[in-house]
Every structure is written in C-alpha cells, then in structure tokens.
Amino acid sequence: MKKEGEVRIPSGCAICGIFSRDGSPVNGGTIAKSIALMHNRSNGLGGGFAGYGIYPAYKDYYALHIFYDNLKAREETERFLDSHFDIINLSKIPTKQVESITDAPLIWRYFVSPLVHKIQDSQLEENEYTARCMIRINNSIDGAYVFSCGKNMGVFKAVGYPEDVAEFYRLEDYEGYAWTAHGRYPTNTPGWWGGAHPFALLDLSVVHNGEISSYDANRRAVEMYDYTCNLLTDTEVITYILDYLIRKEGLTLEESANVIAAPFWSTIAMKDQEEATRLAYLRKMYSSFLITGPFSILVGFTGGMMALNDRLKLRSLVVAEKGETTYFSSEEAAIRAIEPDLDRVWSPAGGKPVIVRLNKEAIV
Amino acid sequence: MNMIASRYRINIRKDECVLCKRCVRECSFGAINFNSEKNTITLTHSKCVDCQRCAALCPREAIFITRNQNTYANNHLYTANTLNEIYRQSATGGVLLSSMGSGIGSVHIYFDHLLLNASQVTNPSIDPLREPMETITFLGRRPRHIERGKDGKLVDNLPPHIELSTPILFSAMSYGAISLNVHKALAKAALRLGTYYNCGEGGLHESLYEYATNTIVQVASGRFGVHERYLNSAAAIEIKIGQGAKPGIGGHLTGTKIIGDVSATRMVPEGIDAISPAPHHDIYSIEDLRQLVLSLKEATSYTKPVIVKVAAVHNIAPIASGIARSGADIIAIDGFRGGTGAAPMRIRDNVGLPIELAIAAVDQRLREEKIRNEISIIAGGGIRNSTDVVKAIALGADAVAIGSAALCALGCHICASCHTGNCAWGIATQRPELTNRLDPEEGADSLVNLVSAWTREIKEIMGGMGINSIEALRGNRLALRAVGLHEKELEILGVKYGGE
Amino acid sequence: MKTIDAFKLNEEELKQEIRNNQDIEVDNCLGQRYLGCALKEGNIKLVGTPGNGLAAYLDGASIYVKGNAQDAVADTMNGGLVAIEGNAGDALSYAMRGGKVYILGNAGYRAGVHMKAYKEKRSLLIIGGCTGSFLGEYLAGGTIIVLGLNCKPGMKLTGYFCANGMYAGKIYLRTDEKPVNLSDKLEFHKLDRDEKEEELRPLLEEYARIFHLNLEEILASDFSVIEADPQKSYKQIYAAV
C-alpha cells in the first residue's frame, strides 16, 4: 500500500481552536475536550494539535518535533542537526500508553539555534535557513520527518482519534495562549503519522476541513517557489501558500485571505472603487493561489490566529467569544463543551477572515 | 496523359433533381456545369474538392459526394494519396500546396486520450446555472512582487492586461487569406462575446477600426499595413514569429489577390506580390525579439500587452522561456494542427508538435524557471470543442485560440482548398460573388452561438469538478487522466493514467 | 412531561428516550446528532445546543429548541413544527417539503435551499434575524420569510446571490431594499397593505405567538416579496445531436 505522499488522500474533518487574547494560559486538556465532542467528524485515522506559547523556557529556540522510523534515521538526523544547529536540549517527547494508538514511531524533541557561521555562509535569514534545513531532513533522510519546527510552539499529532492523541501526548501537561485541533476523516488510511494534521512550517500551522478542487493548480503554482508538496494534502499546500504570501511576499493576513478566498468578480464590482481595485489586483496578481472547493481553516502563528472559510462557505465554521478568549470550531457544541456561557457566537461569512491577536500589553 | 484519378465523385440523383441549377451556381470550382444544348448538368469530378456547398444548398437534397471508388492497387506504403502526389509533382515540378491544418491520422490527437474528472462525495459539484461560475480570464504580464506605497497600501503595478469573458479568442487570420466579411463577422462576434479577434498580418481594414477594443493586431515579417494608427487601434499587439501549419516558412500572397481593398489595407500596390519573409529580418536572435517587443510598446506608450506567437516546434519549451524573458506579456503557441490559408503540404504534415505536448512542456518549463506566473499562454492549433478547451487549460494554458473551428461556424467544411481562392462558402476568397455569400451579421450570430455554447459546456464541466473559477483549472493536471498513452507521453503531459 | 439530562446518557440512549416518549424535555443538549429524526408525533423540548441533522425528515412531531442549533436542521422535513429560540447553522431546511420551521435568531448560508411544496404540503420557513448568502437557492416551492429583527444597523437581511435559481415559491423580506445582485430572472416588489394583511399576517401569527413577539409591530414595517418570473426560466440551452 502506498503511504501518504505517494498518493493523494481526500479528507473530511473537524477543527477547533482557542485563542486567549490577553495571553493567559490555556491547558492542552481544554482543547482536547473541545475536539472530542466532534468525534463523529473523525474516523480515527488522524488527530492532532498545535499549541502556542507552550515552551516559554525555550522561547528563543526552534522547537523541533521529529518522527523517526528507526534508530538509524535518528542518528543520521542528529548528525545533520549537530552540523547545522546548536542543540540546547534534546529528549523524547513524553507520551503515555493509549490502547487505541499503535505503531508509534520514535518521537523526539530538540530545542535548537542555527549555527551563526552557517547562517552567514548561507546568506539566508534565520527562518529561511531553518525552514530549508527541515525540508532537507524530510526530503533526504529516509525514516525521519520533522513535523514541527517553530519557536515557542509545537505540533502533536498521530494516527488516532484526537482525544486519544491528546492523551497519548499528555497534552494536559502543556499550557499555551493558543491551541488548534484537528480530527481527520481521510478516505483511506494514511499509513503513517506524518499525514496527520496540523501541518506546520516554522511557527505557521494550519488545520483544515474540506477537500479543495483547485489542489493541483495550487500545488504546481507554489512549487515554483521552492516548496515541495510531499504529502499531497490540502493542508500542506495551503500552509505553503500562506507562508509564501505572508513571509516571502509580505502580504497581510487579510490580503492573503483575499487571495485564497478571493471574492467573485461580481462581488468585487459592487465594492467602492479603491476596494475593488485592491481586490482585483490581488486576484489577478496571485490568480494561481485562488482556492476553490470547500474549506474552513484555522491558521496559527506566533501571537495570533486566523479563521477562514471558502468563498461559497461550503464548510461550517463558528466563532465565539467569552471575555478575552476567542473560540473557533466546526460546530458550536464543541465550544459550548468547554465554555457553556458565551458572550457572543457567530458564523463568519464565506471568504471573510476572522483574525485575533495578542493584546499589545500582553506581549511581554 | 492525366494519371491522377479524381478524389471525389459528384452524385446527383436523377429522380430527385429538378434541374434548378442551384448547384451550378454554387460550385465555385467549375466541377458542376450546365449544358444548355442538352439541357443537362455536366460534372467534372476531377475539379470537385468536396466542399459540400452544392450538397448543402440543393433544395432537393439530391446531391451527395463520395470518394472515387476507382481504387489503386492496395498497398500500405504507396497509397492513392502518395501516388497522386508523385504524379502531381512529376507533372509540374512543383511544391505541393495545401491549406487548413494537418489532418493526418498517424500523429496522436492527445486531447482524445485525456479524460476529465468530476466530484463525488468528498467535495461538492457545483450547479453552474445557479451558482457563480467564473470564466473571466485576464491575459498579460505580472510583476514578480507586490509594491507598497508610503501609506503601506498596495500599488497597482500590473502592466496592462486584456480581459476575456471566456478563455477563447479567435486566432489570427489575415485579410487576403480570408474575406473582409469574415473579419467583420469575427469582429462583431468578439465585441458581443467580450473576447478578441486577431486581424492577422494583412493589415486592418478601415471599416474595422471601430472594433478596436476587441481587436488584436498582428505584426508579422511582411509588416503589411503596420503603422502608428494600426498599432494604437487595438487592445493588444501580436508579433507573429510562426504558425503551426508552416513553422519556419514565410508567406506569399500572389499579386492577383492584391487588388482593391486588400491592396489598400496591406499598403501594397495592386498586382504586386506580397511576400512575408520566413524570419523577421530584425530578429535573428532572442535579444532582437526583446528589441521588437519594446519598440512596439514604445510606439503604443506601454498601454497594450504584446503577444509573441510561435509555432510549436521541438524546442518550444526553451523558446517560450526566452519569450517570457523578452518583455512580452503573452505567448501564443500554435500547434501542429493549426490551420492556414496556404502552406506547403510536406511542411504542414511533418513539422512541429501537437499543441497538447507543447502546452505541457512549456507550462512545466516556465514553472521550473519560476516565471510561469509572469506570462500568459494562449494555445491554438486543433481546438475543436469545449473539452479541448478545458483540457488545454488543465494542461497549463491560460486561454485558447480557435481559427478553423470558427470558420466551420461560418460554413467551412475543411476541404482544404483555401489556397485556390475559390472558397464556395465565401470565406477564403476575395471573389466578390463568393464573399457576398457570407453575411457578417449572420456569421457573427453563428460565432456567438458557438462560443456561448462552448462556454456553457465549460461551466458545466468545471461545475462537475467543483471548480468555480477558471484560474483554479489552469494547470490543474489532476483534473485529467490519460488512456491509451505510454509512460513517456504521461511524463511529458504530466498526467496520471486512468485508475491511478 | 418527562425531563431528562443529556449529560447522563450516551447519544444512542438519548435518541431512544426521545423516540419512546411523546412529550419530553431534554436538558444539556450538546452536539448530539439527528435528534428528532423522522419523528411522526410528540412534543419535544431541547435545551442546549443540539447537533447537526436536527429534525431531519421530521414527519409530524413538534420540536422546540431553547438554544442555538447547528447545520442541516430540518433536512428534507415532511411535516411538523420546529421552533428554535436561537440561531440555526448552514443548509437549514434543505429540500423541506412540508411543515413549519421557525427560527428566532439568524440562519447561516443556503437557508431554505431547494425547499418545496406538493399537493397539501406547504413548507414554511421563518427566520427572525438575518441570513447568510444563497438564501432560498433553487427554491422550488413553499414560503420563506426573513424578518431581520434585532439585526445590527447596516446589516443586510440576506447575503449575496439571494434566491439564485429559484423557480417557484415565495420569499418575503421585511425591507423594501432589494437584495444585492438579485438575479434578473426574479421579480421583486414591495407588498401593499392588502397583500401584507392577506398573505403575511396568517403566516406570521403562530410564529409571533410562539416567540412572544408583537405581530402588529412586525407588520408595521415595509415588506417585499421575491418570486420567480415564469417567463425567464433557468433552463439550459440544449442542442440535441
């Protein structure tokens, strides 16, 4: 059987997220409780989480989470890491035996800092250097897969139901200002853990629900800019598009949303002149990054989160607020499961991003 | 001694014929005549080209054309056509001349080996009649990066684009090769459809300047009728390097056709031959192309996109890459099956590449060089229907150009006799009694119908795939699966085999 | 009336309780799917946030929800009554053929998509707040009313592409403002006093009673109606080969 990456696997899903705008810590068990309510939307073939602000003691170091199929892959990877980074700390990621989670790979965590002279030699800035090193491990070291490499954030994922995955990774031991979660419903078995979501590059992580119809147009477009879509999943290509638009092209989150979920031309025509010009410009400039077909996504990044639906709103997405906390979910009940008494609940319109950020005073 | 047996036989059912002599009047090739002494119709089968004009207009449907049943000795190597070509050349010493696109069967029509996808369950199909379904296409150059003003707002740094309501244009066909009425029909249709026609290399007739917003003017090696007003009376300018039917070959419009308005429009004296040199003599290398592109932009104050049209030849991928770096905004690729008003037959049937392979190779190469997004691709040469359009776009084209199919909408039956100038349908001729047969308004109606019907079908197909905007189809090769092709072809087309 | 606590039951037990009891109140609903599915009789009160597929194929029973409902409420409903004292999600009343669905709050995208009417069956959907895009898409019969009560200033009653593909039935809006980009295949006109009294009042009476709203105040506003123009069908143009 082909594993994910050798074959494209469509998936349905559940997603949810929590963002604490004042930066107050949210326990990983909370997000697990929320996603667990949407058990029916997953089929046990993938679950995962991304937490932000979870490694305050190492916040200036890249936190690498790596799956190894065998010891040899680990040795080879560590040799590579040693020659490119200062490894400040390394350990197995603590896990707990869970009956339903089987075939676990070796799961290691490293806190690293790029070697200064290597960065200088590469003439790249730190993020780009690190991203390229991680992509190199994933492409060239057989049996090694970096699935998380941002600062002060981490992805935890496995083949299984999300609530079991949370238990497996002892998510209740982590606290962060933001969490996203994903329960996957792939049409066939992904064969390995790397296929689970969130998908992340540096601190940018994406969870996604739906199957996009523009996949190959988007993939071939983003692969022009030194990205390689190894997993052939929608989430991967969406992550790369956002990374390209935001980190490399310098678009704002709102502008990126206007690209990937561009309004219809007929809708653009109804806007005032300046806005219509702006929207038409973005659509023409980045036409290959228009994503069609159903999607709802949650994009996590350092200090913020964005939720976005496709322009026809073919997937559900609910946003709610309680005090300084914003909640996102495929279903309202999953929010009520962790916060029954909400100040406000609403469904954002298709193509209209909802963006939350840490309050300035909260960023210390 | 004439060794060449007639290709066709004209058959008139005597019991149906009422001797109305319509066929005699319609036949512009002299194959059907009337003998008034004997009061009978006389047939000269050798002159029949099977244009179907007589059959179509016979009020009794009494006429049918068949292949000549007289058969040469059965031989796979020396077929009747092969023998006839030898006989013709041994009798005349001439280069074989033909027209329209190559129809030889030994080269795959790859479109017919590609099947389209549709949504089932994992994502929804879309009903194009009731939900928005966008076919609007913009063609032109894109800058590499965005720019922001001092206020942080995005600056519109896009060079001029042309906007098409549907990703179909009309290919370049020159006045001279086709009649003015055909140009008028194409211009009117382009205006009504929100797309563009291309006046070809024979200049722009005075009566067509009013269609400037929907006109693409061509600058070919002969530079006929090219002047400042010509360039500035168009939505875009096309530099013609070559065409699919005769890559590397120039053109030759004989002095007998350079009469009246053709002469005036081309700005060539009456009766003098109009030669289009094989190359542009100001382009002997790729850097010279840049010079021509920029000089045209200079002449039009950088307000119009410049298209460079080339034939699909073996090196099409690096050629396209060179064009993309020349400052051109759009590259038009004309495939092996592209039509022509006249071309040496050996060239037409043996030089170049099918458009499907060319699109795939060019799109892939431009991506590998990271410049695909900077330039648009128009594909032409053998686009016969809406699925050819969809497949061309899924392979990587931005839009397609149709020539032969558009002429078929005006009556053409692909008899491949354009070079005779006797077109009975009034298309590829300048004989007034023939050109009068085509009414520009009716012709425009047919063209509008054709392109509208294709657009409806394109929307239906896109809806089935759950795609509601044409740009999400472009280069989306997972929308295609191949059948009956081998590994190498799949690799070049970049598509998977059915069932994969 | 029996009262049960959904927290204390698993989803299967909960659905069994609802099926077995004519009159029941369920507290602490949270995401349980298909509640009231295909029920022919009974009065069910649900408190909390019932899950997707609430009242699908409902065939005569009455369901009252105190709280918000999620997606696909009253899918292919054939008869009965659903009243939601809160919001509803996307694809509300898809292909509903008969019965009444009353929403006090807002509805999501594609509310009333392909609702129908057949013989004595007349589907009725009333939304107290505003709706997302594609309201009444492909409407094939029945009636949709959107009141826009308590909508924020500047907020439109409907989103984009309202009533696209509608070919029968009626959509009443409590406004005289035409929805944006309304298809030119549809008729839009303001109701006169008689039309309001004769057509709307009877439709709204029960709704106002259930949610304790002042009908006279509601009816005092301007109303408009969208109908399909029978002269302009959406039929595809075909050319038989």
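This note takes the predicted model point by point, from its cores to its sheets and selected residues.

1. Ground rules. The model is predicted: local features need pLDDT of at least 70, side-chain atom pairs count only at pLDDT 80 or more, and totals for chains, interfaces and linings use all residues. Residues are numbered from 1 along each chain as its sequence is written, chains are lettered from A and ligands numbered from 1 in the order in which they are written, and side-chain values use heavy atoms, with hydrogens and water left out.

2. Largest nonpolar core. A nonpolar core is a set of buried Ala, Val, Leu, Ile, Met, Phe, Trp, Tyr and Cys residues joined through side-chain atoms within 4.5 Å. Buried means under 20% relative accessible area, exposed over 50%, and partly exposed in between (1.4 Å probe, protein chains only). The largest core has 132 residues, and B:Phe170 and B:Leu473 touch the most other members. Domain 1 (8–94) and domain 2 (137–497) of chain B both contribute residues, so this core lies between them. The domain bounds come from an automatic or database domain assignment.

3. Around B:Phe170. Contact means heavy atoms within 4.5 Å. Setting aside residues up to four places away in sequence, B:Phe170 touches B:Leu186, B:Ala189, B:Ala190, B:Leu193, B:Tyr196, B:Tyr197, B:Asn198, B:Ile402, B:Ala406, B:Leu447 and B:Val451. Another core, of 123 residues, lies apart from the largest one; its members include A:Tyr174, A:Phe289, A:Phe295 and B:Leu158.

4. B:Gln430. This residue sits in the loop between α12 (404–409) and α13 (432–435) of chain B. Helices (H or I, at least four residues) and strands (E, at least two) are DSSP runs, numbered from the N terminus. B:Gln430 counts as buried, at 18% relative accessibility. B:Gly176 is 254 residues away from B:Gln430 in sequence, but their C-alpha atoms are 7.0 Å apart. The side chain of B:Gln430 has a polar atom 2.9 Å from the backbone oxygen of B:Gly176. That side chain also reaches the backbone oxygen of B:Ile178, at 3.0 Å. Polar contacts are pairs of N or O atoms within 3.5 Å; within protein, one must be able to donate a hydrogen and the other to accept it, and residues adjacent in sequence count only if both atoms are side-chain atoms.

5. A:His65. Look in strand β4 (residues 62–68) of chain A. A:His65 is buried, with a relative accessible area of 0%. Its side chain makes a polar contact of 2.8 Å with the side chain of A:Tyr55. The A:His65 side chain also reaches the backbone oxygen of A:Val155 at 2.7 Å. Beyond its neighbours within four places in sequence, A:His65 has contacts that include A:Ile93, A:Trp108, A:Arg109 and A:Tyr145.

6. The chain C sheet. Two strands pair if DSSP finds at least two bridges between them. Chain C has an open sheet of 11 strands, in the order β1-β2-β3-β4-β5-β6-β9-β10-β11-β13-β12, with mixed pairing. β1 (2–5) and β12 (186–190) stand at the edges with a single partner strand each, so one side of each has no neighbour in the sheet. From one strand to the next, the twist averages 15 degrees.

7. Strand β10 of chain C. Strand β9 (residues 124–127) and strand β10 (residues 140–146) pair in the parallel sense over 4 bridges. Here C:Leu125 stands opposite C:Ile144. β10(C) also runs parallel to β11(C), joined by 5 bridges. On that side C:Ile144 faces C:Ile171. 7 of the 7 residues of β10(C) are buried, so the strand is largely enclosed by the rest of the structure.

8. Helices on that sheet. Axes are lines fitted to C-alpha atoms, for helices over the stretch in contact, and angles run from 0 to 180 degrees between N-to-C directions. Helix α1 (residues 11–20) of chain C lies across β1, β2 (23–30) and β3 (43–49), at about 160 degrees to β2(C). Helix α2 (residues 193–210) of chain C runs at about 70 degrees to β6(C), and the strands it lies across include β9, β10 and β12.

9. β6(B) and strand β22 (residues 480–482) run antiparallel, joined by 3 bridges. Helix α8 (residues 316–324) of chain B is mostly covered, with 7 of its 9 residues buried. Its cover includes α7 (286–299) and α10 (355–368) of chain B.
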